[in-house]
Amino acid sequence: QVELTESGGGSVQAGGSLRLSCAASGITVSTYYMGWFRQVPGKEREEVVTITSDGSTTYADSEKGRFTISKDNAKNTLYLQMNSLKPEDTAMYYCAAALFRAWVESTRGYWGQGTQVTVSS
């Protein structure tokens, strides 16, 4: 059984930092396509950043230079370091994993329960 458990969310002021963690069980993060997504109530879920099994990353334009995705294979955990946070970063952040990018949004993708990030101005 695959489980992705996010943690590290919270409330911060604009300009602050948070580090989100996604602990995985049932899969090996080093071999999976993984990513961070976020969603605000009433809006569509959006991709924040993804990382392939070989470490290639793709960031949304608004996050480039502020967010950093990384994996700790020994801990089987995915991270998202978020710096220079803005109020518009406020959202529920989700960790996702799949063997292939195309499977992330399908029944073959795995998702965590989410962790809330709130940035105040």
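1. Leu85 touches Val12, Ala14, Gly15, Gly16, Ser17, Leu18, Arg66, Phe67 and Val119, leaving aside residues up to four places away in sequence; contact here means heavy atoms within 4.5 Å. The residue sits in the loop between β8 (77-82) and β9. Strands (E, at least two residues) are DSSP runs, numbered from the N terminus. Leu85 has a relative accessible area of 2% and is therefore buried (buried is under 20% relative accessible area, exposed over 50%, partly exposed in between, with a 1.4 Å probe and protein chains only). Its C-alpha atom is separated by 20 Å from that of Thr57, 28 residues apart along the chain.

2. On the basis of the note: this is a predicted model, in which local features need pLDDT of at least 70 and side-chain atom pairs count only at pLDDT 80 or more, while totals for chains, interfaces and linings use all residues. Residues are numbered from 1 along each chain as its sequence is written, and side-chain values use heavy atoms, with hydrogens and water left out.

3. Two of the residues touched by Leu85, Val12 and Val119, are also bridge partners, Val119 being in β11. Strand β2 (residues 10-13) pairs with β11 in the parallel sense over 4 bridges; strands count as paired if DSSP finds at least two bridges between them. Strand β9 (residues 91-98) runs antiparallel to β11, and 3 bridges join them. Tyr93 is opposite Thr115 of β11.

4. Strand β11 (residues 115-120) has two faces: Thr115, Val117 and Val119 make up the covered one, whereas Gln116, Thr118 and Ser120 are on the uncovered one. Both bridge residues named above for β11 belong to the covered face, Val119 and Thr115.

5. Is Arg38 buried or exposed? With a relative accessible area of 5%, Arg38 is buried. Its side chain makes a polar contact of 2.5 Å with the side chain of Glu46, and another of 2.8 Å with that of Tyr93. A polar contact is a pair of N or O atoms within 3.5 Å; within protein, one must be able to donate a hydrogen and the other to accept it, and residues adjacent in sequence count only if both atoms are side-chain atoms. Beyond four places in sequence, the residues that Arg38 touches include Glu44, Arg45, Val48, Glu63, Phe67, Glu88 and Asp89.

6. The whole structure holds 2 aromatic pairs. Rings of Phe, Tyr and Trp (its six-membered ring) pair if their centres lie within 6.5 Å; planes under 30 degrees apart count as stacked, over 60 as edge-to-face and the rest as tilted. Phe37 and Trp111 have ring centres 4.9 Å apart and planes at 55°, so this pair is tilted. It links distant parts of the chain, with Phe37 in strand β4 (residues 33-39) and Trp111 in strand β10 (residues 110-111), 74 residues apart. Phe37 is buried at 5% relative accessibility, whereas Trp111 is partly exposed at 26%.

7. The rings of Phe100 and Trp103 have centres 4.8 Å apart and planes at 85°, so the pair is edge-to-face. Phe100 is partly exposed at 49% relative accessibility, and Trp103 is partly exposed at 26%.

8. Both tryptophans named above also carry an arginine over the ring. Arg45 lies over the face of Trp111, 3.8 Å from the ring centre. The charged end of Arg108 is over the ring of Trp103, 4.5 Å from its centre. The criterion is NZ of Lys or CZ of Arg within 6 Å of the ring centre and within 35 degrees of the ring normal.
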